[in-house]
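Have the model open as you read.

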Amino acid sequence: MRYATTYSRRIYIYCTSQTVTGSERRRRVQLREVEPEHPRHDRDETEEVLEGAPGGPIDRCILRSFHKHVAAKIWLGEDRAPLKLVNHGAKLQLWELDVERSRIYETVQRSGLAPLISCSHRVTSRPMLSAFCERWQPETTTFHLPFGEMTITLDDVASILHIPITGSMISFSQPLRVDDANALLVELLGTTDVEASRETEQCRSPSVRLQWLRENFSTITDVSSDDDIDFATRAFLLHLVGCTLFADKSATSVGVVYLELFRDLSMVGSYAWGAACLAFMYRQLTTATRFEVRQLGGYLTLLQAWIYEHFLEMFSSPDMAYIESRPRALRWRPHVIPDSLQSLRERLDRLQSSDVCWEPYVDHRAEHPFPDITWFFGCIKCGLVVEPYHPERVLCQFGHIQTIPPRPFAPPRPDRSILLDQV
């Protein structure tokens, strides 16, 4: 296994910054007290402090939004508690597809989404995920660590979740209106107009509650009519992605817009679910880097398992009974990290490249070969959300030496204000 031992200083100057957290902030405050101040008339006071921080973004032409980043606020002396996590791992167990629902399960298997039923972590660590979220930079869609950058790649998604990362892009032309959501519920789930309107009114959005889906469709079995089985299958799939890939900060509901993807049940497996999941996760991390945000959505099993895979000695507790034919998410025994958020910030401050497992899936390749699509760079999409994908910035994760990457690719006129629970 090849580890990177050096990281070009030019990379820090040109394209990245070391996120400032914990004890490092106090040390840097002391440094600023003894360094001479040079008047700057072309920037405001806040921007001057941010740019002047040792190890911070020397050139803001790349990390343009760093002055709004939680790491900048922490450097200035403010703090934020661990994020509240949206995790539905326990809710998945409330709707089981037993032998009486084999027809529904067969369709779910063909969809490529069946691994999600069993691989979701029921326990997630708030301090650990919050500490890594503070290292996320939206412009590069990477975690900025003391030795360089790392990110969740398409290969990580495929290995950890075993869902398809190639296929048709999940895309919507515009946000779904409530009236259109009601029409979809009537057409694809067989509800009445009154039932559909009552549910979206309760959610106050074009969404339905996960509990409502379970209450209305989990009792349908193989002896039901073909139409009812199709309705229940669509409801189960909507519940499944709402609990996993597209878990939003409502914490209780899922957007009806995804129901359109299940219109033709024979085509569900043709979508690039993994790429959409990754775009959704990127956006949730980006949103959570804002100091005022207190909650993190997205499929947190993916994020937590990624940390376990790459930081084995620091956080992981492997399941010795795991076999490589199963998703790598099942390799781990999720547990709450006893360290405080401040303690984890300090541990990440001290992190070195030798602490990282750069190629964690070597033993998994016989069952799950490296997907060439991982090398794609550009944009990945989930509905109306478009996020940059930059594997060229994390070459060490593929066993290569990191070179100076090009400027990050930015989607044309990106609108990161779009809330994912509204698309």
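Buried here means under 20% relative accessible area. Please keep in mind that this is a predicted model.

## Helix H12, mostly enclosed

With that cut-off, 14 of the 18 residues of H12 are buried, so this helix is largely enclosed by the rest of the structure. From its first C-alpha to its last, H12 reaches 26 Å, close to the 26 Å expected at 1.5 Å a residue.

Cys243 is a handy residue to look at, and it lies in helix H12. Is Cys243 buried or exposed? Its relative accessibility is 4%, so Cys243 counts as buried. Leaving out residues up to four places away in sequence, Cys243 touches His88, Lys91, Leu92 and Leu210. The C-alpha atoms of Cys243 and Val86 are separated by 9.1 Å, although these two residues are 157 apart along the chain.

How many cavities of 30 Å³ or more does the structure hold? There are two of them. The second largest cavity has a volume of about 30 Å³, and its lining is made up of Leu92, Trp95, Ile117, Phe236, His239 and Leu240.

Helix H12 (residues 226–243) supplies the largest share of that lining, with three residues. By type, the lining of the second largest cavity divides into five nonpolar residues, one polar and no charged.

## The nonpolar cores

The largest nonpolar core has 107 residues, and those with the most contacts inside it are Leu161, Leu245, Trp273 and Phe311. Which helix gives the most to this core? That is H13 (residues 273–288), with eleven residues. Apart from this core lies another, of five residues, including Ile62, Leu63, Phe66 and Ala72.

## Helix H14, buried throughout

In helix H14 (residues 300–310), eleven of the eleven residues are buried, so H14 is largely enclosed by the rest of the structure. Among these buried residues are Leu300, Leu302, Leu303, Trp306 and Ile307. The buried residues of H14 also include Thr301, Gln304, Glu309 and His310.

How values were computed. Residues are numbered from 1 along each chain as its sequence is written. This is a predicted model: local features need pLDDT of at least 70, side-chain atom pairs count only at pLDDT 80 or more; totals for chains, interfaces and linings use all residues. Side-chain values use heavy atoms; hydrogens and water are left out. A nonpolar core is a set of buried Ala, Val, Leu, Ile, Met, Phe, Trp, Tyr and Cys residues joined through side-chain atoms within 4.5 Å. Buried means under 20% relative accessible area, exposed over 50%, partly exposed in between (1.4 Å probe, protein chains only). Helices (H or I, at least four residues) and strands (E, at least two) are DSSP runs, numbered from the N terminus. On a 1 Å grid over the protein atoms alone, a cavity is a set of points where a 1.4 Å probe fits but cannot get out, and a pocket is an open set with protein on both sides within 12 Å along at least five of seven lines; lining residues have an atom within 4 Å of a point. Grid points are joined across faces, edges and corners, and a volume is the space filled by probe spheres set on the points. Ala, Val, Leu, Ile, Met, Phe, Trp, Tyr, Cys and Pro count as nonpolar, Asp, Glu, Lys and Arg as charged, and the others, Gly among them, as polar. Contact means heavy atoms within 4.5 Å. The expected span of a helix is 1.5 Å times one less than its number of residues.
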